[in-house]
Amino acid sequence: MNIELRKLTIDDYNDLRESMQQAYLDSGNGVWSKAKIQNLLNIFPEGQLCIAVDEKVVACSLSIIVDYDIFGDNHTYEKITGKYSFSTHTPLGNVLYGIEVFVHPDYRGLRLARRLYEARKELCELLNLESIIAGGRIPGYHEYADKLSPRQYIDKVRTKEIYDPTLSFQISNDFHVRKILKNYLPGDLESKEYATLIEWNNIYYHDNVSPRSAQTIRLGLVQWQMRLFPNIDAFYEQVKFFIDAVSGYKSDFIMFPEFFNTPLLEPYNHLPEKEAMKKLADKTEEIVQKLQEYAVSYNVNIIAGSMPVKENGKLYNATYLCHRNGLTEDYRKIHITPNEQKYYGMSGGDKIGVFDTDCGKIGILICYDVEFPELSRIYADQGMQILFVPFLTDTQNGYTRVRHCAQARAIENECYVAIAGCVGNLPKVNNMDIQFAQSAVFTPSDFAFPTNAIKAETTPNTEMMLVVDVDLHLLDELHHFGTVKILKDRRKDLYEVKLLK
């Protein structure tokens, strides 16, 4: 038997539905629709957890973050979930609110629910939230309702005179009953429509340190859907939509993918690929100027994916860092792929160095560049804390290379690495037919970080944005007190990586 605790994905839905049907066979509770699961994964992917036994999902926990002061203790399930739309979720909230936990009845002797609860606690601590709160069913109450009030029943469960399959488990996992709720979940006949408002307090919560402290940086990644635009204004409208959405969450950075503006190649599809790319390069200056205006007006640093740029008769693959203070800097892809050389005749850049921002030192590498560890090691020696990697991959093989190399860069350089790619297809643009992507933020691998070293990731091949907080203080602690100290333990008496120009 192979038991795996991991994040839920939409590909798990069929297993999820079957397990949920079995879990609630006698209670009459409905099954979550695929659309609702997808919505949860879109807005808060790290909060949706599951356990797979022999690759089949048999247990699950779902949660959102809420500003609990808005709702208070006298709420219903419908109200706290925004009538099941989860519009109440906010990354700036103070409470992790549990909206579902279930285990397939055939697997209830494996203590899987305990694993899910522990994972929730870990997430609560990681996000520096005050507590975990949920409305808990008391399914055993209907057997005692004629002789005990809900309060009496709960007291007897607490003293272990009565066993309730839900409440007894929650109490044993350090939750306490904060309040008794009436009509919390209409139709729950086993609980006589009563529920316990349960709470687990995060003893590591720092009430004097905001989750958005100076050491916490918020990243916004755009997983961009390739689509044709009738004109460049329609392209700007789509770009502005994402910037507006991400800035609404007070993000410090937003990153677009490599060559995200190539849908604008469609009018030149009759030309050879190289000539068409030169035509697109003629628009780069205008696009960058527009992005810089957005960076200032929306108060967010923009990493402009990448775009072709012409200089002295050569084509380069360049990205632009549009600072929210009005400054613009650029980076040109160092390592050009065989495809870029063959079809576009592109040349590699020759400038390597970190960027100073209002959020610390960052590095940028474009797609193929991340597969060369020397570049990011040079950045690390220059003080880089976050590495941004806009990418464009057509096949899953190419994506796998980018992903695993990015994860390696995070571990070996004790930094965060954010990757963002394009999805979908462009049937009317030569050599840009298909794209494969799953954007993500990777971390070092030590106790202060997620056990799989993945801070968050998107649903593969789905247009969406990912908003993630990264704590720079944890990097400093890792560097000085980590289980291993990679940057410090290098044998500089034997080898070195250095910049030659």
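Student: Cys 367 first: buried or exposed?

Tutor: At 6% relative accessibility, Cys 367 counts as buried, where buried means under 20% relative accessible area, exposed means over 50% and partly exposed lies in between, with a 1.4 Å probe and protein chains only. Bear in mind that this is a predicted model, in which local features need pLDDT of at least 70 and side-chain atom pairs count only at pLDDT 80 or more, while totals for chains, interfaces and linings use all residues. Residues are numbered from 1 along each chain as its sequence is written, and side-chain values use heavy atoms, with hydrogens and water left out.

Student: OK, and how many disulfides are there?

Tutor: The count is zero, taking a disulfide as a pair of cysteine sulfur atoms within 2.5 Å. Cys 367 is in no disulfide, and the nearest cysteine sulfur, which belongs to Cys 422, is 10 Å away.

Student: What about Cys 422 itself, buried or exposed?

Tutor: Cys 422 counts as buried, at 0% relative accessibility.

Student: Switching topic: where does Asp 252 sit, and what does its side chain contact?

Tutor: Asp 252 is in the loop between helix H8 (232-248) and strand S9 (253-255), helices (H or I, at least four residues) and strands (E, at least two) being DSSP runs numbered from the N terminus. Its side chain makes a polar contact with the side chain of Arg 324 at 3.0 Å; such a contact is a pair of N or O atoms within 3.5 Å, where within protein one must be able to donate a hydrogen and the other to accept it, and residues adjacent in sequence count only if both atoms are side-chain atoms. Asp 252 counts as buried, with 9% relative accessibility.

Student: Which UniProt feature is placed at residues 217-472?

Tutor: UniProt, in an unreviewed entry, places "domain: CN hydrolase" at residues 217-472, though UniProt annotations may be inferred rather than shown by experiment. The end C-alpha atoms of that span lie 7 Å apart, and the span is 29% helix and 30% strand.
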